[in-house]
Amino acid sequence: MALLEVKTSYATYTDCTLRVGQYQMDGSIAVEIFSRREGPVARITVCLCDSALAENEAYVDTNNCPWVVDFLEAKGLAKSTGRTRRSGYCIYPSMKFNREKMAEFEGGY
């Protein structure tokens, strides 16, 4: 298992893995970044109850993680779909996750 370097708005973590699950409400992919030393770093997806999402697609949490789109694209973990959805005061972009690439970084609980 490879480790990810993640630069958030608060710190840089060099020992990160991904935890991947599924939201019960709409079946979309749920992704969390986890530091082996410091624990949970960020849940980078949000559940907006959109049953129209494709497999391995989810809205990413640009409200709490403004760095997430650049991070996912730079690491080859996801691509923007060009679609967005508003919830409250935030507009969340939809991204299609690359499950093969993500598998390299999964685990390490």
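**Exercise 1. Placing an arginine**

In which strand is the place of Arg19? Work out how Arg19 sits relative to Phe34.

*Solution.* This is a predicted model, in which local features need pLDDT of at least 70, side-chain atom pairs count only at pLDDT 80 or more, and totals for chains, interfaces and linings use all residues. Residues are numbered from 1 along each chain as its sequence is written, and side-chain values use heavy atoms, with hydrogens and water left out.

Step 1. Arg19 has its place in strand E2. Strands (E, at least two residues) and helices (H or I, at least four) are DSSP runs, numbered from the N terminus.

Step 2. Arg19 is partly exposed, since its relative accessibility is 24%. On this scale, buried means under 20% relative accessible area, exposed means over 50%, and partly exposed is in between (1.4 Å probe, protein chains only).

Step 3. Along the sequence, Arg19 and Phe34 are 15 residues apart, while their C-alpha atoms are 6.9 Å apart in space.

Step 4. The charged end of Arg19 sits over the ring of Phe34, 3.7 Å from the ring centre. A charge sits over a ring if NZ of Lys or CZ of Arg is within 6 Å of the ring centre and within 35 degrees of the ring normal.

**Exercise 2. The overall build**

How many helices and strands are there in the protein chain? Then describe its dimensions.

*Solution.* Step 1. The count is 2 helices and 8 strands. Read from the N terminus, their order is β-β-β-β-β-β-α-β-β-α.

Step 1. The radius of gyration is 13 Å, close to the 13 Å that the globule rule gives for 109 residues, so the protein chain is as compact as a globular protein of that length. The radius is taken over C-alpha atoms, and the rule is 2.2 Å times the number of residues to the power 0.38.

Step 2. Along the principal axes, the C-alpha atoms fill a box of roughly 35 × 25 × 25 Å.

Step 3. Of the 109 residues, 44% count as buried. Among contacts with a separation of 6 or more, 48% are accounted for by residues 24 or more positions apart. Contact here means heavy atoms within 4.5 Å.

**Exercise 3. Finding the core**

Which residues have the most contacts inside the largest nonpolar core?

*Solution.* Step 1. The largest nonpolar core has 24 residues, and those with the most contacts inside it are Ile33, Ile44, Trp67, Leu72 and Phe97. Such a core is a set of buried Ala, Val, Leu, Ile, Met, Phe, Trp, Tyr and Cys residues joined through side-chain atoms within 4.5 Å.

Step 1. The elements that each supply at least two residues of this core include strand E2 (12-22), strand E3 (29-35), helix H1 (68-74) and strand E8 (90-97).

Step 2. A second, separate core has 6 residues, including Val46, Leu48, Leu53 and Tyr59.

Step 3. Now take Ile44, found in the loop between E4 and strand E5 (45-46). Its relative accessibility is 0%, so Ile44 counts as buried. Leaving aside neighbours within four places in sequence, the contacts of Ile44 include Ile33, Tyr59, Trp67 and Leu72.

Step 4. With neighbours within four places in sequence again left aside, Ile33 is in contact with residues including Val6, Leu18, Ile44, Trp67 and Phe71.

**Exercise 4. A ring pair**

How many aromatic pairs does a search of the whole structure find?

*Solution.* Step 1. The search finds 1 aromatic pair. The ring centres of Trp67 and Phe71 are 5.9 Å apart and the planes are at 80°, so this pair is edge-to-face.

Step 1. Check the cut-offs: rings of Phe, Tyr and Trp (its six-membered ring) pair if their centres lie within 6.5 Å, and planes under 30 degrees apart count as stacked, over 60 as edge-to-face and the rest as tilted.

Step 2. Both Trp67 and Phe71 are buried.
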